[in-house]
Each structure stands twice: as structure tokens, then as C-alpha cells.
Amino acid sequence: MPLNAIELAKLFHDKNPGITPGHRMCPGCAAPNVVKFALMTAIAKGYHPVVGLATGCLEVSTTIFPYTAWNVPYIHNAFENVAATISGVETAFRAAKKRGEIPPDKKLAFFAFAGDGGTYDIGLQSLSGAVERGHKFIYIVYDNEGYMNTGNQRSGATPPGSDTTTAPVGKQIPGKLQLKKNIVEIMAAHENVYVATVAISEPIDFMKKIEKALEFDGPAFIAAHSACVRFWRVNDDKAVESARLAVETLYWPLYEVERGVYRVTKKITNPKPVEEYIRSQGRFRPLLSRPDAKEIIEELQQYVTSRYERLLALEEITKDKPLRGPWAKEDFQTDEHAM
Amino acid sequence: MPAKQALTGAEAIAYAMKQINPDVVAAYPITPQTPVVEYFAKYVADGVVDTEMIPVESEHSAMSACVGAAAAGARAFTATAAVGLALMHEIVYIAASLRLPIVMAVANRALSGPINIHCDHSDAMAERDSGWIQLWAENVQEAYDFTVMAYRIGEHPDVRLPVMINFDGFIISHGVEVLETLDDDVVKSFVGKPIKMYSLLDTEHPVTYGPLDLYDYYFEHKRQQIEAMKHVPKVFKQVAEEFEKISGRKYDLVEEYMTDDAEYIMIALGSTAGTIKHTIKELRAEGKKVGLVKPWVFRPFPKFELQRILNGRKGVIVLDRSASFGAEAPLYEAVKSALYEVAVRPQLGSYVYGLGGRDITPAHIRQAFEDAFKGYLIADEERYLGLRE
Amino acid sequence: MPELKGWKELPIGGLIVEPGNAKQYKTGTWRVLRPVYQPENCIHCMQCWLYCPDQAIVVEIVDGKPKMRGYNYYYCKGCGLCANVCPKSTDPKTKQPAPEEKRAIVMRPETDFAEE
């Protein structure tokens, strides 16, 4: 079981869990908490985290030379290749273990963090390849629904109607027209993978999933709701509130898919209307002043409702029916073969 | 005992890598490099090596995974060609700037477009300023030898740079030649254990690779890379000297062929040097004082060696297997620049040849030498061998 | 800023070999609002500690239990997330914002503390 805030505070009150203060993320940004929750879980479970980052806010703000806000091994390579990069690190670890250069009981946990741009868009191929190959790593996307590091451009994760600089709400076009790409399902389709959505408003659920990911015999993909207070145009103190509202409106359903088996980890019986989520954020304000706002919100509402119903149905029909078994591991762990 | 074997260049490189037994190989198929990783994959599958192989989904990920592996202290290897190398481009620079001694074999092939699978040097030339050491093999033997030597050069604490072994696509990669291979244990002890620095697996000493490096420090880091390249000639010579002891084969920054009394010298990279040597023999039989200089190392550029050799000659002909659109061809440009500083500048001529795998024949080489004999070399004129007007 | 080093003094490759040295970097100067701790109302639930993006909550272990001990203003950027997640910020009956004197954390303009 994951630890609660009191227990975590006992463990970590006098040490920094991988990431340290002195980083230069915006005040109130959700991403440092996404990192903290993940790495605290790993460290509490006896793992040494090794971290890879894709180019993005988190990367630039935590490692401005000559300062690093990481007290664990860290590598940033480029924007689109954090999964391939960490797959190289993880492979080097297996090679070193096989050759007896590392004690066999030493537990390293390989994390890759990337924003939605580095995941949904430019890094998708690298991510898909690394997950298909079955590397033991945990990929966490802090999804703030746009290219926020470069100043709020549209990504494949941007919701419809959100005002971005490359799909602005104009006189004719109501901002982004497309729904978010469903990255969770794309990753779940890799089958031999543990996939989950998390939100910082649900820390126990969050850390439970990290724990599962750590113990899972293969790659894991975690999608974290991660408010960008700056470009979502909300107050600095709203990251947790907006995550909570996202969960309560079903905008961000909390579920997991383990080798094809779906489980909705937080059932919402009386969801709030998604409009409440939309109205709480300034990035939708230009949309709200348009005559077609109602239609766009209605479309999103229908999508969100039917997606949740579908998830519940999938939970029902996939129960005890994993697509693949742990035998898939045998294909990969060459170090177990006699040399 | 050294053994004579008949191998293709691709097989010879894979064979050398088998003897080195690197920690991690990450690669993606591309003609004409593919057989390198095919042969190596077979060694892995048969348990001849205990290397971990990453069959990545692109060359971009091949180089990215090599960066991750090398940063984790592993000896990492990859191989590619042409557009595969171009796809890696971004990470090729990053590998060098993170100072990771990765080794990469490049079966030199023309860059698109239109797409072409045959030999020229446009792929490697596009990376000449990336910060990689570039070695250029003339034949299968040299491709094998350079592979054995590469980690020793790149991993040296004064260097810490990645090494690119260039071997002409198809001509060397697929051509079977007899070469002399070394014993496994000889290679093993020559290559030794990797010199690990700043490993990501050392959780007791966590390091940060690849920070955001702005105007206050980036320049200093680039200066360090410039300095590292300056150390390469010394380290290369040391490694070559040791290599000579185990193999009897002597390497230097450049190979000189019949240059002692030569009035006219041709300069070329890679397999074409074989054709040039053949032609030089013919011309020598006709009483012409001709010779060849073949850079074994193109990056760092062997400027001082070329100045020493070329000073005072009558004519120097530079052959380039790639064009630089809107500027002089890359090898020619570098040679010409080097000759600015010599006391007695020779006549100088630029010849581009063999793009997209176009054959180069002794007749073409003779044609260029004939121009030189006539005093008809014009420094500002690019000429083409084997091209239809 | 530390003294700028020359290229001969730096580790190669842009590496940073001193883990977590960003702790030297003061982010407290960014603050526009300052969280003020009112210990008499605190229930030491550690929500503020859990959520502080800048690890600026000072915690002490007393009799095996973590106790909130105020702020490390060297790092606190004043985002107010601590006050937002603090259960004492809400009146349990009305579910409305609690009166200031009942809260454990109150956000005040940094300008109020200009002399410090």
C-alpha cells in the first residue's frame, strides 16, 4: 500500500526525493508534484531512481547550468527521444548486471518524464518503440495540454476550444477543432504494458499506480493531469483544484490497463458537468464568448460521458482476461539465458 | 595467431565487434549497412557475445539509445548509412557534446534525393562538423583494424569523443576481400576494459547529463570540445603504435603512397585510393612522378601532415566523393585552406567524382593527372570525373 | 551567481557533478504573496508539505509524528497551493472559505513584509 502524507513526511521531511528545491518551474506548477509523487514512491520502495527527461518546461527549469535540481542520476538528450534514451540506460544496466558489475540485488528504477508535446507528438515513435521492445521503465507524461515551454502552442493533447497561439480562438475558427488524442489507449494497445492515468488531487491512487508500475514486469506508461497555471490562465494555487475538477467531471477519468485488463480506479457516480471544468479556466474564456461555445462544450460532454461508459464496459468485459501474460518477459530477458 | 579470412567489410566490422564484445548495440537496418548488424545479431543470438542488443525502431532512436547506454558507462556501438545518419543528425551532435565515446560504423552512401543506395561520401560529410572523430577505411582490412582501434581512441581521458568509422557502401561493405584478423584474446587485451567516467548507474555519485546551457557557459563547453579534438592526433598515434605491435600494420593520420619524390600528388578518401594506387603504378612505369595522400583521419583534419607533405610540389589534385552546393567540395576546401600557410604553394585542382555510386576508373584518375602534367589545374574551378555533359 | 568559470575548470560535456546544487539558488525572491503560518490552527495533516512544489514547508518530527514548523522562505515562491489544500482554509460547516483567524495558512502581500 502506498504511504499517506504523514508517513511520507516522516520519511522525506529532511531529504529531497530526487528533485530538489531551487528549481525554476513557475509558482504553483503541477509538474514538480508529479515528479515528487513518483520518485517518493520509488525511493520509499527501495529503488534508486534514474531519470531521463525530454526537452520541456521541467527539463529547462530544473537544470540551468551550473545548477541541477536533481540529486539522482539524470539525463536529458533531446525533445523526441527520452524513451529511446532511457531504453539505452536501462539496457546498459542489464548488461552491467549480467557481467557482474552491479550487485544483483541493487534495484534501479528508470523513469522518463516528458510533457505532452514530447509524448503525444514528437516523441511518440520513440515511446512506442521502447514500449514495444519491453524495456523495464516508467514513462510519465505530465500533460499540460500544450507546448507551454515555448509559450502555449497547440499539441495533440490540447482540448477543443482551448485558446493557444497556433490554434487561437478567432473570429471564424473557435480555436482547436479536434478532441485530445487518446494517448492512454494508444499506449494500452502495446498490450505488454501497464498503463494508468493519475491526477495529483488523488495522491494515494497516484502512488498506488506508481507502485504497480515499479513492480510490473515490463514497461509502464503513466499519464498525469498537470495544470499549467500560466497558460491555463488560472491562479497559481489552482493546480490541485483543477485536477480534482478534471476527475470529478470525467474529463480526466482515473483508470488503469494492465496487459489489456481495464480497471476504473475511481468511480464517479454523479459527475459534474464538464462545462464547470471549462468555465474554471481562462484558456477557454475566448471560446465562451462565441455563439458556438455551447455546441463545442456539448460535444466534449458527449465524448467524456461516452468514454467513461466505454471504460466501465471495458472493465466488465476484460476482467480476468489479460491480452498477454507475464510470459512475454521471456522474450526479452536475454540475461536469463545461459551464456 | 593472426588468421587470413575472406570477409566482406560489413562482416569484418561485425567480427571485430564480436571480439570487442561491447555492452550495448543499438541499430536499425539500412542498405548498405544492414549486414553489419545482421552478422552481429547472429553472434548475440548464438551467445558468442553477451552484448545486449536494442533493435530500435529508427536510426534516431539507435543513436539516442547509444547516448543513454554510453552515459550509463556502457561501450555502445551502432552502424548506419546515408539517410539513417541524417536522421540521427541531431543526436550525433549531442553524443559528441556530451563527450560519449560511442563507436559508429558508417557504410557511406549517397544522401537523398532522389533516393540512391550506392556509395558516396555526402552522408559523412554532412556530419563533419558534428564533433565526431572520423576515420576512413580504404578496404576491408582497414575497416577491421579501425574498429579494433576505435574505443581506445574515443575513450582516452584526453579525448572522450565518439568515433565514426567510414567504409564505402557496397564497395567495402559488400566486397569480399582477404584480410588478416587478430586472435580474440589479442583484441580483448588490446581494447581492454572500458574507461568509465560519470556513469548514470553510479547512484552514489549522481550526475546531470544534458542541462540547459546558456550564453554564460555553452561557449566554454564548446571550447572544451575543440580542445579534445586537438588531443586526437597524439592519442591516435599512440594507439596506432600499439596496434602495430599486435598486428604489424602501421597507421598514421594520413597514408602516403609513393610521395617521396612525387611532383604531383592526388588526395582522396576511402576505397578510391585503391584505384588511384593502381593508376599511380602505371604512371610511374611511364616515368611520371606521382603519388597519393590518403587521410585515414579526416576529423580532426590532418592539416600539419598535409602541409608538410604538399609544400613545394608541382600539383595537387583533390578528389571529392561529395559536393558542397554553393561552395567548394569538402575535402578540397580543407586542403586548399591548409595550403594557404605553406611556403611554396602547389597548383591545385578540385575533382568531384562518383556521386551516387558512379564508377571511378583508372582512366578518370589518369585524366586528372594529365591535367596536372599540363599545368592545367585551376584552383577556382571544380571539375567532374565520369559525368556526362 | 557563482563566479563564472573558465573552460579549463569545468567538467567536460556540460556535466553537473554536484547533485542537487540548485538548492543554492534562491527562488524566494519571486514571491508576490507570502504564506503566513498560524500554528494555533494547524492540525499537522501534512497536506501543505505534500503539495508544496518547492519543498518549502519545514517539518520536524516530534514523538515520531511530523509537525509543521512554518516556511523556508528561501525557496517559497508564494504560489499559495499550501493554503489552497489546507483543510483549515475551509469552514467545515458552510464549505465556504474560513475566516482568516481560523486558518492555519494565510496569504499576505509580500509588500507587507518589505522591511524584513
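What percentage of the 116 residues of chain C count as buried? The figure is 41%. Keep in mind that you're looking at a predicted model.

**Chain C as a whole**

- Chain C is built from 2 helices and 4 strands.
- If you draw a box around the C-alpha atoms of chain C along the principal axes, you get roughly 65 × 35 × 25 Å.
- Now take the contacts in chain C between residues at least 6 apart in sequence: 60% of them join residues at least 24 apart.

**Where chains A and B meet**

- Chain A puts 39 residues into the contact, and chain B puts in 38 residues.
- On the chain A side, the elements giving two or more residues are strand 1 (48-53), strand 2 (74-76), helix 4 (82-98) and helix 6 (124-133).
- Helix 4 of chain A supplies the largest share of that side, with 13 residues.
- What kinds of residues make up the side of chain A that touches chain B? They split into 20 nonpolar, 15 polar and 4 charged.
- The two chains also pair up strand to strand: strand 2 of chain A and strand 9 (residues 208-209) of chain B run in the parallel sense, over 2 bridges.
- To find this spot in the structure, look for Ile75(A), which stands opposite Tyr209(B) in strand 9 of chain B.

**A closer look at helix 12 of chain B**

- Helix 12 of chain B covers residues 362-373, so to speak a run of 12 residues. From its first C-alpha to its last it reaches 16 Å, close to the 16 Å expected at 1.5 Å a residue.
- Its buried residues are His364(B), Ile365(B), Ala368(B), Phe369(B) and Ala372(B). Looking down the axis of helix 12 of chain B, you'd see these buried residues within an arc of 135 degrees, so they line one face of the helix.
- On the other side of helix 12 of chain B, Ala363(B) and Glu370(B) are exposed.
- What covers the buried residues of helix 12 of chain B? The cover includes helix 9 (272-285) of chain B, along with strand 11 (264-267), strand 12 (290-295), strand 14 (315-320), strand 15 (347-353) and strand 16 (382-385) of chain B.
- After helix 12 of chain B comes Gly375(B), with a positive phi near 75 degrees.

Notes:
Residues numbered from 1 in each chain as written. Chains lettered and ligands numbered in written order. Predicted model: local features only at pLDDT ≥ 70, side-chain atom pairs only at ≥ 80, totals over all residues. Expected span 1.5 Å × (residues − 1). Buried ≥ 20, exposed ≤ 12 C-beta atoms within 10 Å, placed from the backbone. Arc of directions from axis to C-beta. Contact = placed C-beta atoms within 7 Å. Nonpolar A, V, L, I, M, F, W, Y, C, P; charged D, E, K, R; others polar. Pairing = 2+ DSSP bridges.
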